[in-house]
Amino acid sequence: MTRVTNLRINLSRKLIFSLLISVSLFGNLSAFAQTRRPAPRKAAVPPSAAAAQKPGAKSCDGGWSGTITYSKTQNQNEHRKTPTGYQSSSSSFRATAEVNVNEDGSARASVRVKVSSSTEDVKEGSECCMISLAGCTRKGGFKSADVIKTETNAEAASTVRGVTISGETFSANISVPEAVGQTVRTIQTVRKRECDNVNQDVSHDQKAAASYMVGPIQISGKVDPQNPNVIRGTKTDGDVTVSYNLARCAAPDIKLSDLSLDHHVYPDAVAWHEVGSETIDGNLVRIRAKVRNDGAAPGYATVKFTETSENIQLPGQSSVALKPGEEREVEYEWDTSGFAWTNDGKPRSSRRIRAEVGNDSLTEELKVIPKPVILVHGLWSNAAAWSPYQGFLNEAHSFAWKAFPVGADPAHGLMNTGYFFGNNQPTNSIFENARELGKQIEFTRETMNAWHVDVVAHSMGGLISRFYIHFLMKDTFDGKPAVTHLAMLGTPNMGSPWADIMFEKYRNMGHHVEALRELKTDVCRTFNQQVTNRKGVKFSITYTDRIPATGNTLEAGDGVVSKSSAIWQITDVSRSDSLDHTSLTGREDFLRFIYPRLAVGPGGGR
């Protein structure tokens, strides 16, 4: 049965009133917690809307509009065992109503009611099917169940009345329409007896009309003269909750309520975890901003994100539409590549991410740590060749910039290229050493939570790194290579004439040194035909040609590797003033060649 009534709002214009509900949004802030920029909430607002926001504002002449919502939920469950089975019952009641108030004084209410219940009486066990003088010779199981399920759905909609606003108080006593619908009662009977071979499962429905009265919806409170054009609040009494949001001269009031930063923890590219205080250069960071509309009218917001320490506008933006009182979350994925540095190569780990909606903003701070550097030694060498390098990194950036020489922690990668100069004992092949390099890279990525690393390789280490990149380096979820940059120091990309000479001498003495064989010019020619895929990794090399002859050739080089062999097919080439091959791992070449290529800012280069 539906009842139609009219809603009238009696308003005295001589009185000033409102309801002020304030919520404390922020608790304790740590050094890396979010901060809010002091600024007006809204930019340009209409004079009528500004009156609703300004302390001490006068009430406007417009009508009231907004929503009043009602919800009631009840649940009950019971289960008990019986000597032969169990009995259970459950019931749930859910009623919701929404009253939409229009500025012209009319209002319409919609009601939905859903009621469900279930009872079960189950008996089960075993019985004797056949008996003789000796007793029961055959047993069989039995089960009987009587199940009754009831579900009711009812709804209604009509115009309503009952809101009263006067003096310093407001109240509402709204009688919503009777919800009308249907009840479906399902009766199920189950009978199973193995002795008589009985197996019955019968059910049927009974339908009947149903109606429910909900409410009345009641609210009341004191008004606040500082905000006379807004009435907003929530009231809970037992299992009934009523929320109301009414305003005159309604306007949206959209602001940020929370800002958080997440990243993936290697190697899990699915789950997101809170960043905490730092992440690694190149990691993907998810920025989550919660936006809410505290106004009484729908609104549309565009959220922009900026790195404020260098005022870098992050590309793209997120937009969201909000109903009055609604809060929604927007997400933005930020590629942190280069954010450990400025665009002119200076250290800049401390970053501030600001989310903005209009003139409102929230800021989160974090540190972006440089990508770890994997150091790959060459022929007749070991991890000790890189002993000064951690100091180079500390000097260039901070203690946060980490070096990982392959072999320094043998449990996580140990190459064998001959551990001392002139070694004539068996060595690993390039393939075997590339697998050891892969172990070190994997360990570093897990230890540092670094989805991307840089590689610095001396001499034969460049060939090992190229092999790893072509054959063993796997794709990453973000589409960028795991190795961002391969910087080579005197790598014999086309082989070394000295290897041609030394391998034959060792073989004549009965020694097979595989690492030496793979540096021969003819072997490297085949290597370059097979190892071609750089997978997006940037290649760079430095060389020196201060020694006029290389091996049995008259081509200038570093005494071991000729200039042409080092340069090969690499476009980013730099000449070193170092005297010879082993000097290329020194501080001068780090500062001149390595540092500028790894200290790359957000702009991608200098």
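Asp 589 is buried, with a relative accessible area of 2%, where buried stands for under 20% relative accessible area, exposed for over 50%, and partly exposed for what lies in between (1.4 Å probe, protein chains only). The model described here is a predicted one, in which local features need pLDDT of at least 70 and side-chain atom pairs count only at pLDDT 80 or more, while totals for chains, interfaces and linings use all residues. Residues are numbered from 1 along each chain as its sequence is written, and side-chain values use heavy atoms, with hydrogens and water left out.

Asp 589 forms a salt bridge with Arg 592, and their closest N and O atoms are 2.7 Å apart; the term salt bridge is used for a side-chain nitrogen of Lys or Arg within 4 Å of a carboxyl oxygen of Asp or Glu. Arg 592 is partly exposed, at 30% relative accessible area. Because the two residues are 3 apart in helix H9 (residues 587–598), Asp 589 and Arg 592 are separated by about one helical turn. Helices (H or I, at least four residues) and strands (E, at least two) are DSSP runs, numbered from the N terminus.

Asp 146 is partly exposed at 33% relative accessibility, and Arg 191 is partly exposed at 30%.

In another pair, the side chains of Asp 262 and Arg 286 meet in a salt bridge of 2.9 Å, N to O. Since Asp 262 lies in strand E13 (residues 254–263) and Arg 286 in strand E16, the pair ties together parts that are 24 residues apart in sequence. Asp 262 is buried at 4% relative accessibility, and Arg 286 is buried at 13%. These two residues belong to a network of salt bridges in which Asp 262, Arg 286, Arg 288, Glu 329 and Glu 331 are linked.

## Sheets and strand pairs

Strands of a sheet pair through backbone hydrogen bonds, either parallel or antiparallel. An open sheet of 4 strands has the order E14-E13-E16-E20, with antiparallel pairing, and two strands are said to pair if DSSP finds at least two bridges between them. The edge strands, each of which pairs on one side only, are strand E14 (273–274) and strand E20 (327–335). Strand E16 (residues 284–293) and E20 pair in the antiparallel sense over 9 bridges, and Leu 284 stands opposite Asp 335 in E20.

Elsewhere, strand E7 (residues 169–174) has a covered face made of Phe 170, Ala 172 and Ile 174, and an uncovered face made of Thr 169, Ser 171 and Asn 173. E7 is joined by 6 bridges to strand E10 (residues 217–222), and the two run antiparallel. The bridge partner of Ala 172 in E10 is Ile 219.

## The two disulfides

A search of the whole structure finds 2 disulfides, a disulfide being a pair of cysteine sulfur atoms within 2.5 Å. In the link of Cys 128 and Cys 136, the sulfur atoms are 2.2 Å apart, and with 115 degrees about the S-S bond this link is right-handed. Cys 128 is partly exposed at 38% relative accessibility, and Cys 136 is partly exposed at 36%.

Cys 129 and Cys 195 form a disulfide with their sulfur atoms 1.6 Å apart. The torsion about the S-S bond of Cys 129 and Cys 195 is about -75 degrees, so this disulfide is left-handed. The pair links distant parts of the chain, 66 residues apart, with Cys 129 in strand E4 (residues 107–132) and Cys 195 in the loop between strand E8 (179–193) and strand E9 (198–212). Cys 129 is partly exposed at 22% relative accessibility, whereas Cys 195 is buried at 17%.

## The two sides of helix H7

The buried residues of helix H7 (residues 521–530) are Val 523, Cys 524, Phe 527 and Asn 528. They cover an arc of only 140 degrees around the axis, which puts them on the same side of H7; the arc is that of the directions from the helix axis to the C-beta atoms. Cys 524 has a relative accessible area of 0%. On the other side of H7, Arg 525, Gln 529 and Gln 530 are exposed.
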